[in-house]
Amino acid sequence: MKPHGIITLSRFMLEERRRVRKDASGAFTELLLEVAFAAKVVAREVNKAGLVEILGLEGGENIHGEDVTKLDVYANNVFYNALDHMGLLCVMASEENDELIEIPDRFPVGDYVLVFDPLDGSSNIDANVSIGTIFAIYRRVTARGKGTVEDLLQPGNRILAAGYVIYGSSTMFVCSTGQGVHGFTLDPGIGEFILSHQDIQVPEKAKVYSVNEVYYDKWDEPVRKFVDHIKSGAADSGPSTARYIGSLVADFHRNLLYGGIFLYPADTKNKNGKLRLLYEANPMAYVIEQAGGYASDGHTRILDKTPTDIHERTPLFIGNRNMVELAEKFIAGEM
Ligand code: AHG
Ligand code: MN
Ligand code: MN
């Protein structure tokens with residue numbers, strides 16, 4: 001009999017586990033599926049975001065007298081509550097928490113480490129523009145007990161799985177466990193993520209360049225020169241159009257599908273750029289490399305940077321390998 005045409009995320013993970021990680025306990029698969037579950041809960045709330053004035057103002061009370069939390073705090077709680085009790089993680093870190101997130105005493109600890117940006121692009125919510133969630137999973141490096149900051153400060157080249165959820169015109173879960181990048185679209189009718197984009201590869205031509213150009217005068221000269229160069233059309237198979245949303249997840253996702261380069265360089269105000277190494281740059285760098293692209297801070301491969309602080313920021317150049325390497329050449333003074 002022909003296999004059923006619909007491949008759900010859980011079926012895909014199960015089959016991948018049988019094929020690639022033959023001896024795996026299933027804990028890792030369970031963990032990814034729980035991340036996807038949390039994403040569905042957040043998606044439901046994101047879809048109601050325009051109704052806050054009817055259902056209640058964020059930070060205030062709704063008509064039922066219930067507290068209404070800000071969407072990024074809400075998303076943070078959803079991910080935390082979905083994952084704290086399962087015995088899969090030893091520690092978590094989120095862009096929304098100053099300190100690392102411990103697993104409560106009453107729950108068992110596991111072998112994995114989760115870092116996440118619960119709601120990325122949250123300044124876009126009021127305009128109904130796409131936002132997202134970004135995550136990465138590592139294996140712990142400490143031997144036992146609750147995880148520590150040591151488990152969190154691992155370079156991205158130790159990532160086991162990473163991805164993002166985009167809450168857009170549809171909700172998509174895009175992730176990699178080191179076997180290529182696959183995209184799953186949420187079918188709201190059945191509440192399941194369905195395989196819709198198998199083995200995504202960044203197109204050969206970098207069609208788009210994405211940068212917030214209001215900072216142009218604040219960039220270092222080599223970055224200005226690089227941007228001038230790609231705008232002039234001089235770069236071989238370089239971008240032919242500019243697009244910038246201001247949600248990393250949405251900008252990244254578009255460039256992944258259409259080809260392009262996204263950059264958030266350092267500037268005179270943000271000496272290390274704006275984006276966070278753990279929650280934004282590393283997971284996206286992992287995904288882009290799995291899709292045949294590359295990510296750099298302008299000097300160094302993002303995935304080779306060893307973080308020294310969980311909230312460390314980094315300049316980010318990410319997308320088609322030839323474009324990112326060209327940026328590195330400008331920054332090294334070779335162009
Ligand atoms: P967050 O909403 O998680 O704080 O992240 C916002 C980030 C990122 O999504 C985006 O690429 C960048 O901020 C946009 O910054 P500018 O407004 O400075 O361009
Ligand atoms: Mn973010
Ligand atoms: Mn955020």
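Me: What should I know about the model before going on?

Reply: This is a predicted model, in which local features need pLDDT of at least 70 and side-chain atom pairs count only at pLDDT 80 or more, while totals for chains, interfaces and linings use all residues. Residues are numbered from 1 along each chain as its sequence is written, chains are lettered from A and ligands numbered from 1 in the order in which they are written, and side-chain values use heavy atoms, with hydrogens and water left out.

Me: Which protein donors does the manganese ion (ligand 3) have?

Reply: They are E95 (OE), D117 (OD) and L119 (O), at 2.3 to 2.4 Å from the ion. Along the sequence the spacing reads E-x21-D-x1-L. E95 is in the loop between β1 (89–94) and β2 (101–102), while D117 is in strand β3 (residues 112–120), and the two are 22 residues apart.

Me: Which residue bridges the manganese ion (ligand 2) and the manganese ion (ligand 3)?

Reply: D117 does, and the two ions lie 3.7 Å apart.

Me: Is D117 buried or exposed?

Reply: Buried means under 20% relative accessible area, exposed over 50%, partly exposed in between (1.4 Å probe, protein chains only). D117 has 0% relative accessibility, so D117 counts as buried. E280 is also buried, because its relative accessibility is 5%.

Me: How many residues of α8 are buried?

Reply: Of its 14 residues, 12 are buried, so helix α8 is mostly covered. Among them are L277, Y279, E280, N282 and M284. After α8 comes G292, which has a positive phi, near 95°.

Me: How do I read a pair of aromatic rings?

Reply: The distance of the centres and the angle of the planes describe such a pair. Rings of Phe, Tyr and Trp (its six-membered ring) pair if their centres lie within 6.5 Å; planes under 30 degrees apart count as stacked, over 60 as edge-to-face and the rest as tilted. The whole structure holds 10 aromatic pairs. In one of them, F135 and F173, the centres are 5.8 Å apart and the planes are at 20°, so the pair is stacked. F135 is in strand β4 (residues 131–139) and F173 is in strand β6 (residues 171–176), so the pair ties together parts 38 residues apart in sequence. Both F135 and F173 are buried.

Me: What is the arrangement of F173 and F193?

Reply: Their ring centres are 5.5 Å apart and their planes are at 45°, so this pair is tilted. F193 is in strand β8 (residues 192–197) and F173 in strand β6, so the pair ties together parts 20 residues apart in sequence. F193 counts as buried, at 2% relative accessibility. F135, F173 and F193 form one aromatic cluster.

Me: Where does the charged end of K207 sit?

Reply: A charge sits over a ring if NZ of Lys or CZ of Arg is within 6 Å of the ring centre and within 35 degrees of the ring normal. The charged end of K207 sits over the ring of Y258, 5.5 Å from the centre of that ring.

Me: Which polar contact joins the side chains of S296 and E328?

Reply: A polar contact is a pair of N or O atoms within 3.5 Å; within protein, one must be able to donate a hydrogen and the other to accept it, and residues adjacent in sequence count only if both atoms are side-chain atoms. The contact between the side chains of S296 and E328 is 2.8 Å. A polar atom of the S296 side chain also lies 3.3 Å from the backbone oxygen of T300. S296 is in strand β12 (residues 294–296), and its 0% relative accessibility counts as buried.

How values were computed:
Donors are N, O and S atoms within 2.8 Å of the metal (3.2 Å for Na, K and Ca); water is not among the atoms, so sites may look incomplete. Helices (H or I, at least four residues) and strands (E, at least two) are DSSP runs, numbered from the N terminus.
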